[in-house]
Amino acid sequence: MISLYDVLEASNGQLFGEPAAQLFADFSFDSRRPQEAALYVALRTERGDGHQYIREAIENGATGVLCTMPPTFDTDHISIILVRDVQAALSQWAQYVLKKYETHVIAVSGTSGTAVTSEAIRRVLSARYSVHYRPPDYAGRLTLPHMLAKLTHEHDLVILELDATQVGELSALADAVLPKVGVITDIGSSRLDVFGSIEAIAHEYQSLVERIDPGGLVVLNYADPLMRALAEQSRAHVLTVAIDEFGADLIAYNVVASLNGTGFDLRHNQTRFVGRWTPLLGRGQLCCLLRSLAVGLAYDISLEDGLKAIKELMPLAGHMVPLSGLNGSVLIDDSDDAEPETTFALLEWLREVREDADRFLFVMGDMDGLGPMNMRGHRMVGQQAVGIVDMLITEGLDAAQAGRAALDAGMDPRRVEMTHSPSDVVARLAGGLTKGDVVIVKGGASARMERVVRALLAQPNNNASLSRRDGADEGISLAESASPSWVEIDLDALAHNVQRLKAFVGPAVTLMAVVKANAYGAGAISVARTALLNGANQLGVASVNEALELREAGIDAPILILSYAAPGAVRQAIRQNLALTLYDLDMARAYDRAAYEAGGRLRIHIKIDTGMGRLGILPELAMPFFRHLLTFKNFELEGIYTHFASADDDPDYTAEQIRLFNSVVKPLRASGFTFKYTHAANSAGTLASAANHFNLVRVGIAMHGVSPSPLMPVPEDFRPVMAWKTFVAQVKTLPPGHGVGYGHTYRTHGEERIAVLPVGYSDGFRRGPANWGTVLIHGQRAPLVGRVSMEKMAINVTDIPDVGIGDEVVLLGQQGDDRITAEEVAERLGTIPYEVLCAALSRSPRR
Ligand SMILES: *Cc1c(COP(=O)(O)O)cnc(C)c1O
């Protein structure tokens with residue numbers, strides 16, 4: 001419980017008006033979430049100012065407000081606390097209540113294993129004490145007040161999970177809460193992005209160890225040399241735990257791993273306990289139990305009592321939870337978090353329980369926070385998986401490195417699948433699962449692999465047992481967002497569109513996914529893989545360089561270079577199995593020589609210019625060209641194609657191009673030339689008529705759910721893949737006649753509310769001759785006013801109530817019931833949707 005007077009006293013705050021509620025059930029950091037009798041905390045973050053949502057918070061049940069500025073509306077029956085700095089007031093309150101209640105603090109910290117360790121400690125100590133433990137929810141500095149909000153004077157002990165997300169954070173937290181016991185769980189790689197080296201991470205934990213008094217206790221893992229070094233820095237009593245390491249104080253040995261639980265014997269000094277059992281899976285979790293027993297010892301709880309207390313501890317959501325999967329399979333949900341160290345341990349465990357399953361299918365998402373180790377960390381996981389798992393399915397760009405490494409280490413390519421969306425993981429697995437299969441799902445928190453778990457459950461509504469991350473803390477994250485605008489790519493939507501395209505052209509027609517220009521900005525590798533998993537068989541790119549990027553990522557589908565390639569690139573084209581486009585005799589000569597020197601045959605597609613007026617041989621010159629081609633010995637003539645000039649708006653001209661193309665292809669066939677692939681259609685041509693398909697279509701923009709032109713719309717059920725978003729940087733009321741932006745091309749008519757957005761033409765948000773026109777905010781359209789500058793612009797929000805700093809603004813995509821499409825923007829800009837996509841996508845970071 002939070003007492004009004006504790007907060008006032010601790011923070012030196014002022015009551016504004018009459019006090020109303022004097023006790024609060026919890027802090028509320030998010031005005032949108034209903035919370036009865038909460039103290040709403042009006043935080044200012046870079047994404048917004050909580051003061052703007054005080055009214056909403058009160059409507060949602062808050063009976064008190066902690067703020068720096070009083071609300072401007074009537075707040076009778078609400079206790080308003082004014083402080084200078086809300087964050088500081090929260091920390092002061094945390095220290096104050098710990099001191100006031102004289103609660104012993106047990107701090108649990110480490111890069112993994114803290115949740116299970118804390119829960120186990122809670123159980124062991126509850127045998128004798130009143131223990132408070134609330135798992136952390138919010139990130140960063142809100143964690144502490146959140147964990148303490150429900151502490152009362154009846155609690156003897158409180159368990160706090162302290163996270164090291166910034167250099168110096170742990171020492172500051174330890175100084176604030178003065179722990180009597182410090183438990184370091186694991187020192188792994190998942191904070192390398194912040195700390196740079198594993199030693200620096202260990203150093204951060206050292207600052208916690210050093211702050212435990214001589215009368216206190218430090219619990220460390222004996223198996224880790226970094227932890228043994230920490231032991232020497234401790235002034236407090238140290239207990240070490242380990243599995244099979246004689247030298248530790250508390251040792252588990254004779255460990256028996258199975259899919260149903262873990263058996264072990266336990267030794268402490270001369271005392272032994274044999275034949276013990278826990279439903280938790282794996283040595284990592286067993287270690288968590290050992291730590292809890294060690295803490296229990298310090299509080300005079302015997303090992304026998306401690307063992308009894310944890311006997312029934314079931315797996316926590318997202319931590320090695322066995323679940324019933326589709327078709328009688330077993331799912332192991334370990335989706336809460338991942339770092340290389342815990343993933344290796346998981347793989348070792350699989351090796352131990354080998355006998356318990358017919359097949360292991362390992363689904364791996366991106367791991368977070370690896371910094372300089374990112375590539376190597378993911379690769380090492382892939383290497384380790386070889387020979388242990390029967391199938392490795394990765395999701396995401398980083399995890400794909402694990403797939404690559406597994407292939408490099410000789411894993412059968414049919415057993416490795418690299419995907420980029422949950423739906424592709426599920427599609428790849430769901431049908432083939434049988435009884436005897438064990439699917440293990442693991443990934444970092446941001447990979448949100450619980451979505452895969454949910455889709456693979458035998459009973460789809462069994463959601464309660466999953467680790468939940470849906471939106472809980474997204475609105476209120478205090479983390480810095482490095483860029484003021486970002487794009488969101490929905491690869492599930494892309495998968496859907498590609499499936500529809502494939503169904504549309506039918507099995508006899510090969511679908512080539514055109515992923516040039518980084519897949520129109522959406523990310524060539526992930527778009528290519530997703531397309532290939534959903535019906536595309538080939539890829540088209542503009543240059544050899546683009547193709548090499550795909551090959552580098554391990555994509556081995558056939559690739560055609562659609563544009564010019566220098567003869568110098570022929571060697572690489574042969575080596576990487578790329579097909580080149582040929583349309584000129586001199587170039588043919590140069591390619592042929594280069595192919596001869598490279599010692600291989602070059603796959604080529606001949607391009608005919610049937611009216612586009614760009615690359616290609618004119619129809620009347622085609623026959624002599626092909627006759628010459630016969631004299632070259634180092635080509636494999638694979639295809640012939642043309643490109644439509646106006647498939648999106650002139651069906652008659654397109655028909656004429658087809659007629660011309662046929663007038664070239666037919667005589668060639670009659671003269672004995674054969675082509676594996678004959679093709680002409682881009683997206684517009686594909687959508688326009690099956691007569692354009694021949695036996696291959698080259699589709700780009702339609703995969704993105706965007707229509708090539710107003711006259712050639714994609715089918716209704718196609719889904720847009722990309723959204724582009726930003727937020728409000730400032731809102732202000734301008735008097736009548738006030739200019740806005742460079743040149744004052746806009747002047748306010750009356751008094752107007754103007755919101756400034758941190759996006760401009762350098763981000764691909766066009767300035768002129770025409771601009772975007774409108775954007776979406778609060779689900780409504782707001783008009784742009786004044787000129788767009790390099791990285792700023794303004795919108796008029798006079799008619800949209802309550803717009804505040806940090807509110808999300810949609811430049812492209814859906815908000816509420818409205819949507820701004822690339823087609824609509826293109827029309828207003830006087831350009832084509834292609835340019836809208838490429839301009840926005842290529843410059844803004846992904847989220
Ligand atoms: C870019 C390109 C395509 C794909 O065009 P969309 O209109 O995006 O489908 C097809 N063929 C060639 C030769 C291209 O250059």
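I started with S118, which sits in helix 4, a stretch covering residues 114–126. A reminder to myself: this is a predicted model.

Is S118 buried or exposed? Its relative accessibility is 0%, so I put it down as buried, since the cut-off for buried is under 20%. Next I looked up what S118 touches, skipping its neighbours within four places in sequence. I found V108, Y133, I159 and E161.

Staying with helix 4, I turned to its packing against helix 10, residues 283–298. The two axes are 8 Å apart and the angle is about 40°. Helix 4 and helix 10 are therefore oblique to each other, and I noted their crossing as right-handed. From helix 4, the contact uses V116, T117, A120, I121, V124 and L125. Helix 10 brings Q285, C288, L289, R291, S292, L293, V295 and G296. I sorted this contact by class and got nine nonpolar residues, four polar and one charged.

Then I moved on to helix 13 (residues 374–385) and helix 14 (residues 399–408). At what angle do their axes cross? I have roughly 50°, with the axes coming within 7 Å. That angle makes helix 13 oblique to helix 14. The crossing of helix 13 with helix 14 is right-handed.

On the helix 13 side I listed M375, H378, R379, G382 and Q383. They meet A399, Q401, A402, R404, A405, A406 and D408 of helix 14. By class, I wrote down five nonpolar, four polar and three charged residues for the contact of helix 13 with helix 14.

Methods. Residues numbered from 1 in each chain as written. Predicted model: local features only at pLDDT ≥ 70, side-chain atom pairs only at ≥ 80, totals over all residues. Heavy atoms only, no water. Helix = DSSP H or I, 4+ residues; strand = E, 2+ residues; numbered from the N terminus. Buried < 20%, exposed > 50% of the residue type's maximum accessible area, 1.4 Å probe, protein only. Contact = heavy atoms within 4.5 Å. Axes fitted to C-alpha atoms, helices over the stretch in contact; angles between N-to-C directions. Parallel < 35°, antiparallel > 145°, perpendicular 65-115°, else oblique. Left-handed = near helix turned anticlockwise from the far one by under 90°. Nonpolar A, V, L, I, M, F, W, Y, C, P; charged D, E, K, R; others polar.
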